[in-house]
Amino acid sequence: MKKRVVITGLGICAPNGTSIPEFEKALRTGKSGVTFHPQLKELNFSCQIGGKPSISEEKLAEYFTPLQLRGLNSSGIVYGVVSGTDAFKDAGLEIAEDASPDWDTGIIFGTGILGVDKFREAIHLIDAGKTRRLGSTSVIQTMASGISAYLGGILGCGNQVTTNSSACTTGTEALLMGYERIKAGKAKRMLVGSCGDNGPYVWGGFDAMRILPGNYNDNPEEASRPMSANATGFVPGSGAGALILEDLESALERGVKIYAEVLGGEVNSGGQRGEGSMTAANNEAVQRCITGALINSSISAAEIDSINGHLTATSKDSVEIENWVKALNLENDFPYINSLKGMTGHCLSASGSMECVASVLQLDKGFIFPNINCEEIHPEILDLISEGRIPRKTIEKPINILAKASFGFGDVNAVVIFKKYN
């Protein structure tokens, strides 16, 4: 008999909040975490703003030993360890202190690129003939699975411990991979999530592509404008999100809080065929991913109360809405839809997991957070759905089912369906 999978722990490291209470407050109030970065100006970036979580030295010391902090220069690992450890503790799980790991708990924690600043540091040392000064942690800080390795050692997890990487779909894909493992009875619990580094060496390529806004450097909080008529590109961001997935039987036995249930989902690719390419989605594949998620979750389109979209503040926002409209085929009762990226920027490989955390909070607490910086909705979107479906202020409203989507470079897609646990 296939297991039911629920969410029993949450952790976040976002530009607008590095704890769940702080993040929830930011969601409700529409607080932006996008700021000006002097370094980007010094490096002649067109877009000199970004989303970067703020973590004090005191807080770092709560998650890492002095030895681990020595030479630590990977922001993605920092964000991932903070959010992952918080989710673990939020689920009421105890870190294994003895010689035996927790065989029932695993980790799938993804990233796009990790330890870029550590790479830069290493390259300069190597080019200067100082290879012996690299230190013993340069490898683990720069390998993609460094984040799952760090978390696996800190938390003592003995089930599958691995890292996935699928551009902007990474976090949502990681959640669905963990869901499938529990559903198949191969684990009782899985820590799932994703992280991403910050800074010019991650964001520079996007600035070179001219898809970032360069006209909001003086007012960064207004720059990220999903679904807006005057959106001029996505704001780069960074951070991490983490969730503990657990089979329902185990959660009930432990008597812990259940935030929501994962009903199912779908991942696919458009194969970069048709209108699909390395940077653009194949619309048929997006629609198939949405309908596949509904089928796999045994729900109808009409049961969806709210959608947390990918919606990056580019010209593709209206295309994404069109794909939702065609896939759901709801003429007069389209769900509410929102985008976290107005508050955080586009956090790339971290975005899916951070947005999953935001989605689950909405289900658990019964609210729909606002789409900030969307005073004037794009006219092509208004031709598809009514203005009232795009909230600009927080709506206090019970939600039963929420659909979360992520679409990424390489023409890859992921959609997960969450349900309020009753």
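Let me start with a definition: helices (H or I, at least four residues) and strands (E, at least two) are DSSP runs, numbered from the N terminus. Just past helix α5, then, G92 has a positive phi of about 75°.

Before going on, this is a predicted model, where local features need pLDDT of at least 70, side-chain atom pairs count only at pLDDT 80 or more, and totals for chains, interfaces and linings use all residues. Residues are numbered from 1 along each chain as its sequence is written, and side-chain values use heavy atoms, leaving out hydrogens and water.

Back to α5, residues 75-90. With 1.5 Å a residue, its 16 residues should span 22 Å, and the end C-alpha atoms are 22 Å apart, so the two agree; the expected span is 1.5 Å times one less than the number of residues. Of those 16 residues, 14 are buried, meaning under 20% relative accessible area with a 1.4 Å probe, protein chains only.

Now, the cores. A nonpolar core is a set of buried Ala, Val, Leu, Ile, Met, Phe, Trp, Tyr and Cys residues joined through side-chain atoms within 4.5 Å. Which residues touch the most other members of the largest one? They are I7 and F418, among 42 residues. Helix α15, residues 351-365, gives the largest share, seven residues. A second, separate core has 31 residues, including A293 and A403.

Finally, α15 meets helix α9, residues 170-183: their axes, lines fitted to C-alpha atoms over the stretch in contact, come within 5 Å and cross at roughly 70°. That makes the two helices roughly perpendicular, a word covering 65 to 115 degrees, on a scale from 0 to 180 degrees between N-to-C directions.

Key. Buried means under 20% relative accessible area, exposed over 50%, partly exposed in between (1.4 Å probe, protein chains only). Angles under 35 degrees count as roughly parallel, over 145 as roughly antiparallel, 65 to 115 as roughly perpendicular and the rest as oblique.
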